[in-house]
Amino acid sequence: MTEPTIYELSSPGRLGVRYPDPDVPLTPLPTEFVRDSLPLPELSEPDVIRHFTRLSTFNYNVDKGLYPLGSCTMKYNPKVNEEAARLPGFALTHPLQPEETVQGNLALMYELQEWLKEISGFAGVSLQPAAGAQGEFTGVMIIRAYHKARGDTKRTKILIPDSAHGTNPATSAMSGYQVVNLPTDSNGNVDLNALKNVLDDQIAGLMLTNPNTLGLFDVNVVEVNRMVHEAGGLVYGDGANLNALLGITRPGDLGFDIMHFNLHKTFSTPHGGGGPGSGPVAVAKHLVDFLPGPIVDIIEEGTEEEPPLYGFCMPSKSIGRVKSFFGHFGMMVRAYVYISMHGPEGLRNIAEHAVLNANYLLARLRNTYKIPYDRICMHEFVAEGRWEDAPGIRALDIAKRLIDYDFHPPTNYFPLIVHEALMIEPTETENKQTLDRFAEALIKIAQEAHQSPELLKEAPHNTPVRRLDEVKAAKELVLCCWIPEN
Ligand SMILES: *Cc1c(COP(=O)(O)O)cnc(C)c1O
């Protein structure tokens with residue numbers, strides 16, 4: 001990295017602020033609290049602004065261009081969400097305020113719970129979990145609590161398809177369950193025969209992502225759910241791919257017992273470094289009492305003139321809290337605005353366009369890239385980043401070369417069941433021109449892979465930082481540009 005750090009830019013005596021002359025007597029600083037070992041950079045205001053503005057331009061983001069990171073649903077985040085979240089009535093409330101002083105916030109949370117129920121086809125929602133992974137953890141804890149409440153203590157295993165996101169086995173194992181791997185059949189669905197063979201009275205449940213991480217709707221989903229239920233297990237729906245289903249079908253109607261939402265995927269709240277996530281959990285009727293709380297309920301019905309009185313409640317057999325206070329409220333405001341802005345028709349439109357965009361890209365790339373499970377896809381698809389006649393080229397090389405064409409790379413090396421996977425999710429917020437430019441870049445890269453592979457191997461060429469040693473970066477993480485001397 002050739003960029004100077006803010007410490008290297010520092011020049012002794014340079015100042016960014018000027019204080020007025022003091023109008024009180026000068027007193028020396030209490031020396032026991034002042035560290036000599038903490039040098040602060042000395043810079044002018046323009047130095048600081050330019051340094052950080054320049055750094056910010058090195059980052060790729062959804063406001064800059066296409067971000068086709070499969071499974072992550074990196075859609076555009078409407079700016080009106082931000083404006084609403086910054087309204088003082090939302091932004092300046094304190095979680096310890098008495099409920100009667102935050103009725104507007106509670107009303108918003110209540111309505112969001114209701115909308116999420118309607119969208120997903122479930123009977124109860126808790127907004128607490130902080131992200132999808134925590135929603136999964138919550139869901140698995142609910143599965144555990146359900147079996148325990150029935151005195152059914154034999155169940156020690158959770159089934160996870162081999163295409164699943166890593167958080168599924170992780171949350172199951174964290175909850176004390178043994179993870180049993182379930183293979184995918186040649187069409188990209190759960191292998192029903194394999195499922196039949198492992199189902200017994202030790203299975204606590206199955207975690208299923210539908211559409212799955214191949215971007216395919218599992219056509220056996222109703223049968224899978226029926227089989228698991230018949231064996232006494234519950235089915236957890238990983239809702240990360242809900243963007244493909246909005247307004248078209250509902251996981252609750254497909255027979256799932258529990259699911260999580262990723263407000264930061266489906267409902268456009270900021271993602272990754274842009275802000276905290278939010279992973280509300282929805283459950284069917286038989287699990288409502290186990291939800292984590294507090295959740296918002298109507299304490300006193302309203303009248304023609306008076307709005308209802310809202311309050312926090314703890315479900316009777318609740319697994320407890322999974323997050324301090326009430327979850328990430330600012331994200332709830334953003335998702336609320338997004339859902340109300342679109343309405344039922346608009347939500348359906350989102351899913352239709354997300355699916356249309358993915359199928360358009362798939363059609364443009366099918367002759368250039370191998371598609372291992374090639375059928376009509378949902379909101380994303382998985383291609384192979386390798387060719388037999390271009391040995392040595394890997395998905396990683398294609399991903400890095402895309403950066404030279406000014407695109408964020410797709411997800412790679414996931415799902416694990418596809419060799420050199422490139423998982424592409426354009427989302428509904430991209431127009432045809434952008435999709436065409438992206439397809440043309442990928443087609444050009446395929447030509448380069450055959451004609452001048454070194455272009456891919458050495459990519460990216462124009463970024464401030466060239467190709468990183470990712471293993472070293474993970475193993476020797478340095479988060480601080482200045483390390484104290486002693
Ligand atoms: C993103 C994702 C998750 C995890 O969600 P987070 O909000 O990132 O914790 C789980 N499963 C799938 C399929 C995902 O895409």
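**Entry 1. The largest pocket**

I began with what lines the largest pocket, and helix α10 gives the most, with three residues. The model I am reading is a predicted one. I noted that α2 (79-85) and α10 (395-404) each supply at least two residues of this lining. I then looked up the volume of the largest pocket, which is about 1,200 Å³. Its lining counts 41 residues, and those closest to the centre are Phe58, Asn59, Tyr60, Asn61 and His408. I sorted the lining by class and got 14 nonpolar, 15 polar and 12 charged residues. As a reminder to myself, rolling a probe the size of a water molecule over the atoms shows where empty space is left.

**Entry 2. Strand β2**

Next I asked how many residues of strand β2 (residues 157-161) are buried. Five of the five are, so I wrote the strand down as largely enclosed by the rest of the structure. I checked the two faces in turn. Lys157, Leu159 and Pro161 are buried on one side, and Ile158 and Ile160 are buried on the other.

I looked for the partners of β2. Strand β3 (residues 178-182) runs parallel to β2 and is joined to it by five bridges. In this pairing I found Leu159 opposite Val180 of β3. Strand β4 (residues 203-209) also runs parallel to β2, with three bridges between them. Here Lys157 stands opposite Ile203 of β4. I also traced the path from β2 through helix α6 (residues 167-174) to β3, and recorded a right-handed β-α-β unit.

**Entry 3. Aromatic pairs**

I found 10 aromatic pairs in the structure. Is Trp115 buried or partly exposed? Its relative accessibility is 22%, and I put it down as partly exposed.

I then turned to Phe267 and Tyr338, an edge-to-face pair with 6.5 Å from centre to centre and 70 degrees between the planes. Phe267 belongs to the loop between β6 (258-260) and β7 (281-283), while Tyr338 is in helix α9, 71 residues apart from it. I looked up the burial of both partners. Phe267 is buried at a relative accessible area of 0%, and Tyr338 is buried at 3%.

I also noted one aromatic cluster, formed by Phe312, Phe325 and Phe326.

**Entry 4. Backbone exceptions**

Before this search I wrote down that most residues other than glycine have a negative phi, and most peptide bonds are trans.

Which residues have a positive phi without being glycine? I recorded Ser268, with a phi of about 65 degrees, and Phe325, with a phi near 55 degrees. Ser268 lies in the loop between β6 and β7, and I found it buried at 1% relative accessibility. Phe325 lies in the loop between β9 (309-313) and α9, and it is partly exposed, with a relative accessible area of 35%.

I then looked up cis peptide bonds. One joins Gly293 and Pro294, with omega about 0 degrees. Pro294 is placed in the loop between β7 and β8 (295-300). Another joins Phe414 and Pro415, again with omega about 0 degrees. I located Pro415 in the loop between β11 (411-412) and β12 (421-424).

Definitions and conventions
Residues numbered from 1 in each chain as written. Predicted model: local features only at pLDDT ≥ 70, side-chain atom pairs only at ≥ 80, totals over all residues. Heavy atoms only, no water. Buried < 20%, exposed > 50% of the residue type's maximum accessible area, 1.4 Å probe, protein only. Helix = DSSP H or I, 4+ residues; strand = E, 2+ residues; numbered from the N terminus. Pairing = 2+ DSSP bridges. Right-handed = clockwise from strand over helix to strand, strands pointing away. 1 Å grid on protein atoms, 1.4 Å probe; cavity = no way out; pocket = protein on both sides within 12 Å on 5 of 7 lines; lining within 4 Å. Points joined across faces, edges and corners; volume = space filled by probe spheres on them. Nonpolar A, V, L, I, M, F, W, Y, C, P; charged D, E, K, R; others polar. Phe/Tyr/Trp six-rings, centres within 6.5 Å; stacked < 30°, edge-to-face > 60°.
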